[in-house]
Amino acid sequence: MSTTEPAATGTGEKKLRPGRTNATKQRLFEASMELIGERGAAGVTVDEIAAAAGVSKGTVYYNFGSKSDLIAQLLRHGVDIMLVRLQDVQGQSDDPLESMKNMVGQAMEFMDDYPSFARLWVSENWRTPGEWSAVFAELRAELLAVIGSAVERVAAGYTVDENIIRGSLEAAIFGAIFVVGLDRQTYNPERSREQSVAAVMTIMHGYVIK
């Protein structure tokens, strides 16, 4: 997986300059997610993100160019983290339904680790027009592709309801992961991760014909 992806924003195809270390990017990611979780993307300044991450404002501008590019790159970084986690559990089980369950569990764990990322995603993803609409569209497609591959394996290993449109099924799983995960964090923290995973998996169990 590439470590220097373009930020698909209205400001052009900007890439991270050489020398941007993963450790620094991770600090910026964690700092910005914490601040954005408190006040939203619009209410956070580059100065605050830089100070929280322990880097200079000049360093941020040198590597990203603008706050908009910074947020776009950090969205990219967050999705890369999630993709690695999802791909790491693919093929761990011979049962494709169990493999899907493991993927949903990894997605829930990611949201436990970075709850503000999930909130940013939900709050900004469907804003039309949005500042990062192109970025969200690209990243959403990548995540849906991983989900789609898992659904394809289920369809190959089980008898499934062919009347269900595959794209709608993938979108339902994708949306449920974010909504169920955020609902647990915000309103029902007493619910376990396993209970949340089981709730999302009812979608797949309805797809499989017994």
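Is Arg 85 buried or exposed? Arg 85 is buried, at 17% relative accessibility (buried means under 20% relative accessible area, exposed over 50%, partly exposed in between, with a 1.4 Å probe and protein chains only). The close-up views below come from a predicted model, in which local features need pLDDT of at least 70, side-chain atom pairs count only at pLDDT 80 or more, and totals for chains, interfaces and linings use all residues. Residues are numbered from 1 along each chain as its sequence is written, and side-chain values use heavy atoms, with hydrogens and water left out.

**View A. Helix α4 and its end.**
Helix α4 spans residues 67-89 (helices are DSSP runs of H or I, at least four residues, and strands are runs of E, at least two, numbered from the N terminus). The helix has 23 residues and reaches 34 Å from its first C-alpha to its last. That is close to the expected 33 Å (1.5 Å times one less than the number of residues). Of the 23 residues of α4, 19 are buried, so the helix is largely enclosed by the rest of the structure. Gly 91 follows α4, with a positive phi near 80°.

The structure holds 13 salt bridges (a side-chain nitrogen of Lys or Arg within 4 Å of a carboxyl oxygen of Asp or Glu). One of them joins the side chains of Glu 109 and Arg 85, at 3.9 Å from N to O. Glu 109 lies in helix α5 and Arg 85 in helix α4, so the pair ties together parts that are 24 residues apart in sequence. Glu 109 is partly exposed, with a relative accessible area of 27%. Arg 85 counts as buried.

Asp 112 and Arg 193 meet through their side chains in a salt bridge of 3.0 Å, N to O. Asp 112 belongs to helix α5 and Arg 193 to helix α9 (residues 193-207), so this pair ties together parts that are 81 residues apart in sequence. Both ends are partly exposed: Asp 112 at 27% relative accessibility and Arg 193 at 28%. Arg 191 forms a salt bridge with Asp 183, the closest N and O atoms being 3.2 Å apart. Arg 191 is partly exposed at 39%, and Asp 183 is partly exposed at 26%. Salt bridges that share partners join Arg 85, Glu 109, Asp 112, Asp 113, Arg 184 and Arg 193 into one network.

Rolling a probe the size of a water molecule over the atoms shows where empty space is left. There are 3 cavities of 30 Å³ or more. A cavity is a set of points, on a 1 Å grid over the protein atoms alone, where a 1.4 Å probe fits but cannot get out; lining residues have an atom within 4 Å of a point. Grid points are joined across faces, edges and corners, and a volume is the space filled by probe spheres set on the points. The largest cavity holds about 60 Å³ of space. Its lining is Met 82, Leu 86, Ala 107, Leu 143, Ile 147, Phe 174, Ile 177 and Phe 178. The largest share, 3 residues, comes from α8. The lining divides into 8 nonpolar, no polar and no charged residues (Ala, Val, Leu, Ile, Met, Phe, Trp, Tyr, Cys and Pro count as nonpolar, Asp, Glu, Lys and Arg as charged, and the others, Gly among them, as polar).

**View E. The second largest cavity.**
The second largest cavity has a volume of about 40 Å³. Leu 86, Met 100, Met 103, Val 104, Ile 147 and Ile 177 line this cavity. Helix α5 (residues 96-113) gives the largest share of the lining, 3 residues. The lining has 6 nonpolar residues, no polar and no charged.

The model has 9 aromatic pairs (rings of Phe, Tyr and Trp, its six-membered ring, with centres within 6.5 Å; planes under 30 degrees apart count as stacked, over 60 as edge-to-face and the rest as tilted). The rings of Phe 110 and Tyr 114 have centres 5.2 Å apart and planes at 50°, so the pair is tilted. Phe 110 and Tyr 114 are both buried. Phe 117 and Trp 121 form another tilted pair, 6.1 Å centre to centre with 35° between the planes. Both lie in helix α6 (residues 115-125), 4 residues apart, about one turn of the helix. Phe 117 is buried at 0% relative accessibility, and Trp 121 is buried at 0%. Ring pairs link Phe 29, Phe 110, Tyr 114, Phe 117, Trp 121, Phe 136, Phe 174 and Phe 178 into a cluster.

How values were computed:
1 Å grid on protein atoms, 1.4 Å probe; cavity = no way out; pocket = protein on both sides within 12 Å on 5 of 7 lines; lining within 4 Å.
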